[in-house]
Amino acid sequence: MYKPSVQSNQWSSSRMKIGNGDDSIEVGFMVNPNFFKDDEVHLYTKISVGGKECINTQCSGFVPLNPNTPLGFILKNYTEPGAMQRQSMYLWVYKGKASENWWLSIIVNKRNYPIGYWPKTMFSSMAEFASWVSWGGEIYNPVGTEPKPEMGSGYKAQLTTAALFQNVIIVGVGDNLDIKSERIEKYENCIPFYTSLDKGYIDDNVGYVISFGGVKG
């Protein structure tokens, strides 16, 4: 978890995203002065349904369940670039087996703490399942605006000072937790300023690792 530096007309996010067809759910952390009216790191969600895109509660439908971690809450602790001690948070997006709604949770000490859910009825193509997943960072920078916004820690993708997704898992049919690396595609459209790195499975401690970020230097 990092606090990227952005200007008032820019934003930067670290997120995972799942989707099927025109429907998608995006979950992560964002610095967006225009939307949140500050330069802090906020938990955010973005859903796309029926051709409409909404951040947090711009659209009705999300059912909040945890007053301690509402959408938009400010991240109090984050990693300083270059620091040895890293701050992290485990986010979990999943489809309830009984309700069939799409849930968002935080995992703490291997316990599931639901933040809330999106009812199944909100979706069309993703009502039953998601067909793809992605992890990484995004930035918005109006043409000609300098300096560019940071992504992640501000350092390009690598394992020491850049932002990381670790213990990345996909739960599929039969609760299969394996990620097939041959089916993963890397997408970068802001080279050379921002990069990504798929390190694959490292060990049982950090699991599958993906790094991303950039703009410094």
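Ile47, Cys54, Asn56, Cys59, Phe62 and Trp118 line the largest cavity of this structure. The model is a predicted one. The protein contains 1 helix and 12 strands, and 42% of its 217 residues are buried.

**Cavity**

- Searching the whole structure gives 1 cavity of 30 Å³ or more.
- The space in the largest cavity comes to about 30 Å³.
- Sorted by class, its lining holds 5 nonpolar residues, 1 polar residue and no charged residues.

**Fold and overall dimensions**

- Read from the N terminus, the order of elements is β-β-α-β-β-β-β-β-β-β-β-β-β.
- The C-alpha trace spans about 50 × 40 × 30 Å along its principal axes.
- The radius of gyration is 17 Å, which agrees with the value near 17 Å that a compact globule of 217 residues would have.
- Of the contacts with a separation of 6 or more, 60% are between residues 24 or more positions apart.

**Cis peptide bonds**

- Most peptide bonds are trans, and most residues other than glycine have a negative phi.
- Glu146 and Pro147 are joined by a cis peptide bond with omega at about -5 degrees.
- Pro147 sits in the loop that runs between strand E9 (132–140) and strand E10 (163–165).
- Another cis peptide bond links Ile191 to Pro192, with an omega of about 10 degrees.
- Pro192 belongs to the loop between E10 and strand E11 (195–201).

- Lys37 is not a glycine, yet its phi is positive, at about 65 degrees.
- The loop between helix H1 (33–36) and strand E3 (42–49) holds Lys37.
- Lys37 has a relative accessible area of 65%, so the residue counts as exposed, the cut-off for that class being over 50%.
- Glu100 also is a residue other than glycine with a positive phi, near 65 degrees.
- Glu100 lies in the loop between strand E6 (90–95) and strand E7 (102–108).
- The relative accessibility of Glu100 is 30%, so Glu100 is classed as partly exposed.

Methods: Residues numbered from 1 in each chain as written. Predicted model: local features only at pLDDT ≥ 70, side-chain atom pairs only at ≥ 80, totals over all residues. Heavy atoms only, no water. 1 Å grid on protein atoms, 1.4 Å probe; cavity = no way out; pocket = protein on both sides within 12 Å on 5 of 7 lines; lining within 4 Å. Points joined across faces, edges and corners; volume = space filled by probe spheres on them. Nonpolar A, V, L, I, M, F, W, Y, C, P; charged D, E, K, R; others polar. Helix = DSSP H or I, 4+ residues; strand = E, 2+ residues; numbered from the N terminus. Rg over C-alpha atoms; globule rule 2.2 N^0.38 Å. Buried < 20%, exposed > 50% of the residue type's maximum accessible area, 1.4 Å probe, protein only. Contact = heavy atoms within 4.5 Å.
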